[in-house]
Amino acid sequence: VFALRLEVTGTTPRIWRRLLVRETMWLSRLHDTIQILFDWFDYQTHVFSLDDLRFGNPLKREDLVIEDDRDVTLSDLDLGQRHGLVYHYDFGESWQVDILVEKTLPMEKGLRYPTCIAGERMGPPEDCGGLEAFHDMLACIKEPETDLGREWIEWLGPDYHPEVCDLVKINQALRKLGK
């Protein structure tokens, strides 16, 4: 089992998750898991980067090769011997998640994998405009009496609470992913 720390690059305050996964997990399943961890909806393109390797939806051009992430497990990448990898999501908004291998653990009997054991803050909303717009949005919703504050709050809906990382909700969704 790998203990992974996933952090959305450039967010202040930091948005991160600690995740336990089997080393046999498919990279495509890690993509699905990341979508759940940060409450994204898989509307956009993604790619994993590891050194000069790229994995995601397969693509072969002269200048770029992206291998199929459905054909690769975490153990295939020798992650136990590497520092980690990078997940890029939504190339227009350029979300980047740094994935670090914190440690390797024995499997725990009765524990379902993947499981999220820690984290801080809700993920940035999909299609909010990228990192700079996300930080502007956070400032605006602190002033709900302003026009921009009201617009953002209406767009986000009543369930968006940026300071909350709901591990129960995340793990319920991860359990459904396994079915």
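Start by selecting Ser94, which is found in the loop between strand 7 and strand 8. Helices (H or I, at least four residues) and strands (E, at least two) are DSSP runs, numbered from the N terminus. What you have open is a predicted model, where local features need pLDDT of at least 70 and side-chain atom pairs count only at pLDDT 80 or more, while totals for chains, interfaces and linings use all residues. Residues are numbered from 1 along each chain as its sequence is written, and side-chain values use heavy atoms, with hydrogens and water left out.

Ser94 is not a glycine, yet its phi is positive, near 60 degrees. Its relative accessible area is 51%, so Ser94 is exposed. Here buried means under 20% relative accessible area, exposed over 50%, and partly exposed in between (1.4 Å probe, protein chains only).

Now hop to Asp78, in the loop between strand 6 (65-68) and strand 7 (84-89). This non-glycine residue also has a positive phi, about 55 degrees. Asp78 counts as partly exposed, at 41% relative accessibility.

Arg121 belongs to the loop between strand 9 (115-120) and helix 2 (131-141). Arg121 is buried but has no salt bridge: Glu163, the nearest side chain of opposite charge, is 5.5 Å away. A salt bridge would need a side-chain nitrogen of Lys or Arg within 4 Å of a carboxyl oxygen of Asp or Glu.

Last stop: helix 4. Which residues of helix 4 are buried? Select Ile170, Asn171, Leu174 and Leu177 within residues 167-177. Seen down the axis, these fall within an arc of 105 degrees, so they line one face of the helix; the arc is that of the directions from the helix axis to the C-beta atoms. They pack against strand 2, helix 1 (27-37) and strand 9. On the other side of helix 4, Val168 and Lys176 are exposed. Finish at the N-terminal end, which Asp166 caps with a side-chain oxygen 3.2 Å from the backbone nitrogen of Val168.

Key
Lys, Arg positive; Asp, Glu negative; His and termini not counted. Contact = heavy atoms within 4.5 Å. Polar contact = N/O pair within 3.5 Å; in protein donor to acceptor, adjacent residues only side chain to side chain.
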